[in-house]
Amino acid sequence: MPNIVVLVKQVPDTNARIVISDNRVDLSSVKMVMSPYDEFAVETALQHREASGGEVTAITVGGAKADKVLKDAKAIGVDHIVRIDCDSFVDSNSLQSMISNVVSEIGADVVYCGKSAADTGAGSTGPGIAERLGWASVSNIISATFADNVSVVAPAQGGNVRISVTLPAVISCDKGNIKVRKPNVRGIMQAKKAQVDVKSVSAPASSINVISHNLPPSKPAGKTYEGGESAAEVAQLLRDEANVI
Amino acid sequence: MSQTIVIAEIAKGAIHPTTAELVTAANALGSAPIVIVPCADTTIADAASAIQGISKVIALKSGLFAAYDASSWATAIDAVTPSGIIITSANPQSKDLAARLAARRNIPVVQDVVAIEDGNLTSPIYSGKAMQTVSIDGDAVISVRANIFAASAQGGSSDVSVVDATGDMATAIEEFLARVSTRLDVAEANIIISGGRGMGSPDNFSHLEKIADTLGAAVGASRAAVDTWDEISHSMQVGQTGKTVNPNLYIAVGISGAIQHLAGMRSSKYIVAINKDADAPIFQHADYGIVATWEETLPVLQASLSAMMN
Ligand SMILES: Cc1cc2nc3c(=O)[nH]c(=O)nc-3n(C[C@H](O)[C@H](O)[C@H](O)COP(=O)(O)OP(=O)(O)OC[C@H]3O[C@@H](n4cnc5c(N)ncnc54)[C@H](O)[C@@H]3O)c2cc1C
Ligand SMILES: Nc1ncnc2c1ncn2[C@@H]1O[C@H](COP(=O)(O)O)[C@@H](O)[C@H]1O
């Protein structure tokens with residue numbers, strides 16, 4: 001029976017306004033939630049367990065505040081929750097080395113994660129830990145079915161492909177057509193009592209340093225027109241001023 | 001100065017023009033890059049040797065490169081790539097490869113770079129609501145967004161050396177599923193025209209398709225459109241939980257401009273908004289805003305564009 005890991009990250013609610021103070025993003029008054037694609041990763045991990053048996057461990061890398069995202073995963077139905085203690089910025093190299101160490105220690109057969117985290121937007125973690133573990137990976141899947149192999153549908157140039165993945169593998173999840181389940185009362189009660197297994201893991205020092213955060217450069221105000229007839233003028237400008245058609 | 005290495009962007013069996021933009025990014029880091037062309041047919045590498053500002057081209061030849069497999073591609077490319085700063089494009093497949101290459105070398109990866117200044121790299125974070133600038137100490141892999149750096153000029157004639165690569169596929173492709181629609185995908189398009197809930201019904205997307213056909217554009221959609229109408233597939237969705245796009249021109253029709261939609265398209269070079277509500281937030285991001293219904297606007301746009309394209 002597969003030993004299943006799902007990675008969940010705590011990020012600002014996607015509706016939150018991002019403010020900068022002293023050249024750094026200030027998240028002190030922002031509501032933190034599970035990164036949206038990680039919800040699909042949790043759902044896929046639970047469906048895998050339902051089809052094949054086994055257990056699901058949710059892992060996050062973060063400070064004590066990130067326990068909340070693990071409790072959320074527990075309420076939805078994962079079996080175990082693990083936090084790798086790390087409260088500062090780390091680059092992809094140290095982050096992935098921490099995660100892959102713990103994944104090996106747990107003896108996982110498959111790792112599900114989000115296509116990209118809502119804060120970084122990077123999409124590096126899934127393929128990165130797969131490379132470190134020497135595993136296969138498929139990114140951005142939109143559906144999965146489970147038999148001896150995991151069979152997934154993922155985008156490729158020119159259309160979607162169905163791919164048969166031999167485990168062990170890392171699978172990153174896009175939104176797709178699956179519905180994510182919501183926690184029920186029993187789950188929420190269990191999550192309250194659940195113990196977070198906190199691990200401290202050594203990692204190589206980051207060789208990336210954050211110099212500054214800034215708001216995106218504001219665009220010069222655009223031109224506004226009234227009425228459908230103005231589309232003719234806009235079409236001209238797209239050719240003559242913007243040079244895009 | 002670190003050595004830089006550009007992994008050429010390949011699409012439909014040819015060097016994609018973005019590759020010349022990656023060369024400009026490498027030059028901004030202070031060196032003339034080695035360009036690696038993963039290919040099944042080495043003749044395509046000649047197009048890379050014509051890009052100015054590079055030191056040489058390595059055509060990395062293998063049947064492996066006929067279909068993408070993260071693990072075997074990274075292994076094959078890593079084997080011929082010297083140490084230094086590796087630059088890829090920032091489409092989903094190349095970002096995946098960038099992450100693999102970095103992990104293989106125990107170096108960090110910085111994705112979606114949109115500016116390079118004094119060796120520091122800037123990328124959007126929080127879906128473009130903020131920008132992060134970092135310094136890199138040593139080697140790294142970076143992916144660079146398309147349509148941001150100017151393309152390095154043509155007219156060069158660098159040497160091309162051919163190297164054979166081998167490797168095994170770690171995932172086996174069972175079948176190619178027919179694409180739901182034969183239309184151009186938003187992730188591959190230079191011009192996108194998207195419709196939102198304001199289109200009123202999925203049938204009305206035919207007006208967008210007509211304009212798309214005139215311009216060689218892809219048709220996209222807001223999440224409200226995708227969620228409301230079964231005919232509008234999720235593969236068309238632009239935004240936070242859809243695709244992130246970076247075209248030269250993005251035309252938003254009947255889309256309010258919610259923050260999650262903006263997350264997927266705000267870095268488009270030019271944005272046109274057509275919306276009947278003058279207060280719709282999309283207008284704050286539009287280079288050209290038209291306050292009108294699509295019913296009165298699209299026929300005029302269609303007629304003007306057709307006239308121009310002829
Ligand atoms: C976690 C999360 C993730 C999300 N991800 C995404 C995402 O990836 N992509 C996305 O798009 N949204 C996403 N959303 C949803 C987003 O918040 C908005 O609800 C959605 O973008 C609204 O779509 P819309 O602009 O088409 O619809 P509406 O907000 O309903 O706007 C319709 C617009 O059409 C205009 N209109 C109406 N009739 C006409 C007419 N005849 N002619 C011209 N204009 C007309 C109206 O004035 C209005 O501005 C997400 C939300 C959440 C919470
Ligand atoms: N600090 C973290 N803790 C747990 N999971 C993470 C963390 N960072 C990234 N991930 C996982 O990796 C995915 C992609 O993140 P990223 O590579 O940052 O875009 C996320 O959706 C998570 O599933």
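This report walks through helix packing, nonpolar cores and backbone details in a predicted model.

**Two crossing helices**

Start with chain A. Helix α3(A) spans residues 92–106, and helix α4(A) spans residues 125–133. Their axes come within 9 Å and cross at roughly 60°. That makes α3(A) oblique to α4(A). The crossing is right-handed. On the α3(A) side, the contact is made by Ser92(A), Asn93(A), Leu95(A), Gln96(A), Ser97(A), Ile99(A), Ser100(A), Val103(A) and Ser104(A). On the α4(A) side, Thr125(A), Gly128(A), Ile129(A), Arg132(A) and Leu133(A) take part. By type, the contact residues of α3(A) and α4(A) split into 8 polar, 5 nonpolar and 1 charged.

**Nonpolar cores**

The largest nonpolar core holds 38 residues. Which members touch the most others? They are Phe205(B), Val253(B) and Leu298(B). Helix α8 of chain B, residues 294–309, gives this core its largest share, 6 residues. Leu298(B) touches Met199(B), His207(B), Leu208(B), Ile211(B), Val253(B) and Ile274(B), leaving aside residues up to four places away in sequence. A second, separate core has 36 residues. Among them are Ala41(A), Leu46(A), Val56(A) and Ile141(A).

**Helix α2 of chain A**

Helix α2(A) covers residues 67–76. Its buried residues are Val69(A), Leu70(A), Ala73(A), Lys74(A), Ala75(A) and Ile76(A). What do they pack against? Their partners in chain A are the strands β2 (10–12), β5 (32–34), β6 (55–62) and β7 (80–85), together with the helices α1 (36–52) and α5 (185–193). Gly77(A) follows α2(A) and has a positive phi, near 140°.

**Backbone details**

Most residues other than glycine have a negative phi, and most peptide bonds are trans.

Leu167(A) and Pro168(A) are joined by a cis peptide bond, with omega about 5°. Pro168(A) sits in the loop between β12 (159–165) and β13 (169–173) of chain A.

Definitions and conventions:
Residues are numbered from 1 along each chain as its sequence is written. Chains are lettered from A and ligands numbered from 1 in the order in which they are written. This is a predicted model: local features need pLDDT of at least 70, side-chain atom pairs count only at pLDDT 80 or more; totals for chains, interfaces and linings use all residues. Side-chain values use heavy atoms; hydrogens and water are left out. Axes are lines fitted to C-alpha atoms, for helices over the stretch in contact, and angles run from 0 to 180 degrees between N-to-C directions. Helices (H or I, at least four residues) and strands (E, at least two) are DSSP runs, numbered from the N terminus. Angles under 35 degrees count as roughly parallel, over 145 as roughly antiparallel, 65 to 115 as roughly perpendicular and the rest as oblique. A crossing is left-handed if the near helix is turned anticlockwise from the far one by less than a right angle, and right-handed if clockwise. Contact means heavy atoms within 4.5 Å. Ala, Val, Leu, Ile, Met, Phe, Trp, Tyr, Cys and Pro count as nonpolar, Asp, Glu, Lys and Arg as charged, and the others, Gly among them, as polar. A nonpolar core is a set of buried Ala, Val, Leu, Ile, Met, Phe, Trp, Tyr and Cys residues joined through side-chain atoms within 4.5 Å. Buried means under 20% relative accessible area, exposed over 50%, partly exposed in between (1.4 Å probe, protein chains only).
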